Amino acid sequence: MRRFFIGVVAVCMLFSAASAFAKGRLVIYCSNEPFACQAVADEFAKMYDVKVQMTRAGSGSTYAKILAEKDNPKADVWYAGTLDPHSQAGVNGLLESYESPKLSEIGELFRNPATSKKHHTAGVYAGVLGYSVNTDVLKEKELPMPKSWDDITKPEYKGMVQVASPQSSGTAYTVLATMTQIMGEEEAFKYLAKLHKNVNQYTKSGSAPGKAAARGETMIGIGFLHDHALQKANGFPLELVVPTEGTGYEIGGLSIIKGARNMENAKRFVDFMLSAEGQEVPQRVKMFQVPTNMKANVPKEAIRLDQVNLIDYDFVTYGSEEMRSHLIDRWVK
């Protein structure tokens, strides 16, 4: 009887340990810069004593991964990346609805921005679309500083522009959607055909063109300007341009994946990243996005949304699966 009792206790302890281990895990898919992803993962792990596994990929690629894993989800939360693929994931039933108690601290535009309007995604940061120019290369080529979207299609900038591919990059899809909203679809694709003549490479990552411009590998890099501000802060000769015609902007998404194995930690992570404290973590590693928590510090290097000419970006229409697929397919063709 004594041996039987000891055996039962041992089995119970084993199950208890396994349960505790399950409660102490979190798997993050992250579509921010790798160093920012790691900083957030490390901070959450330290604060909550959680074992965190983080995988970094662009937002387009991450959406495709979550879709492929829908019957057997491998991750719990999706942090960062443009709102559009988050919206698509919500509409397609890949995300959990969750209203964080921290939403009261978030700016109204960012509380429930995704297409479904079912609290599948919250906005965790914002960033302005534009381009950076390497001023050393500009001076060497004796070219004028471009100021508009139209300027960078001019023949004198042939082979001097980089932008990402919308097949893999949410940043590049925002470019497509922005041009369509500024010009109308037909004129936007005429514009993109003109721009194509000046593009030397379509990158996989949305932040890659800014890094290439910083190193002088291209003169002009299109992307979200907080990524380029990091390069400028690191001493590279970049001038950041918000095009005169107006421009779009991103809302960085934060979503819980449907069927998450570590649901409580997923909710805890969302609460943390919607807090002022959580949104200030990436700032420590020079991520200059605009936080959505109204109590959070705004980095001095960030481009304020209210100080530039932004279009009234339609996140619902351009976050829909039909529009996103249509524009990307047309761009590829």
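Before the details, some ground rules. This is a predicted model, where local features need pLDDT of at least 70, side-chain atom pairs count only at pLDDT 80 or more, and totals for chains, interfaces and linings use all residues. Residues are numbered from 1 along each chain as its sequence is written, and side-chain values use heavy atoms, with hydrogens and water left out.

Helices here are DSSP runs of H or I with at least four residues, strands are runs of E with at least two, and both are numbered from the N terminus. A cavity, on a 1 Å grid over the protein atoms alone, is a set of points where a 1.4 Å probe fits but cannot get out; a pocket is an open set with protein on both sides within 12 Å along at least five of seven lines, and lining residues have an atom within 4 Å of a point. Grid points are joined across faces, edges and corners, and volume is the space filled by probe spheres set on the points.

So, back to the cavities. The whole structure has 4 of them of 30 Å³ or more. The largest holds about 200 Å³ of space, and among its 22 lining residues, Ser 31, Arg 56, Thr 171, Gly 206 and Asp 227 lie nearest the centre. Sorted by class, that lining has 2 nonpolar, 15 polar and 5 charged residues. (Nonpolar is Ala, Val, Leu, Ile, Met, Phe, Trp, Tyr, Cys and Pro; charged is Asp, Glu, Lys and Arg; the others, Gly among them, are polar.)

The second largest cavity, with about 90 Å³ of space, has a lining of 8 nonpolar, 4 polar and no charged residues. Tyr 79, Met 273 and Pro 282 are among the residues around it.

Now the largest pocket, at about 250 Å³. Of its 15 lining residues, Leu 192, Ala 193, His 196, Tyr 202 and Trp 331 are closest to the centre. Which helix gives the most to this lining? That's H8, with 5 residues. By class, we get 12 nonpolar, 1 polar and 2 charged.

H7 (170–183) also supplies at least two residues of the pocket lining. Thr 178 lies in that helix, and it's buried, with a relative accessible area of 0%. (Buried means under 20%, exposed over 50%, partly exposed in between, with a 1.4 Å probe and protein chains only.) Beyond four places in sequence, Thr 178 is in contact, meaning heavy atoms within 4.5 Å, with Leu 129, Thr 247, Gly 248, Ile 311 and Tyr 313.

Next, the nonpolar core: a set of buried Ala, Val, Leu, Ile, Met, Phe, Trp, Tyr and Cys residues joined through side-chain atoms within 4.5 Å. The largest has 70 residues, and Tyr 79, Ile 152, Met 219, Ile 222 and Phe 269 have the most contacts inside it. Strand S5 (residues 121–134) gives the most to this core, with 7 residues.

Last stop: the search finds 1 disulfide, a pair of cysteine sulfur atoms within 2.5 Å. This one joins Cys 30 to Cys 37, S to S 2.0 Å. The torsion about the S-S bond is about -80°, so the disulfide is left-handed. Cys 30 is buried at 1% relative accessible area, and Cys 37 is buried at 2%.
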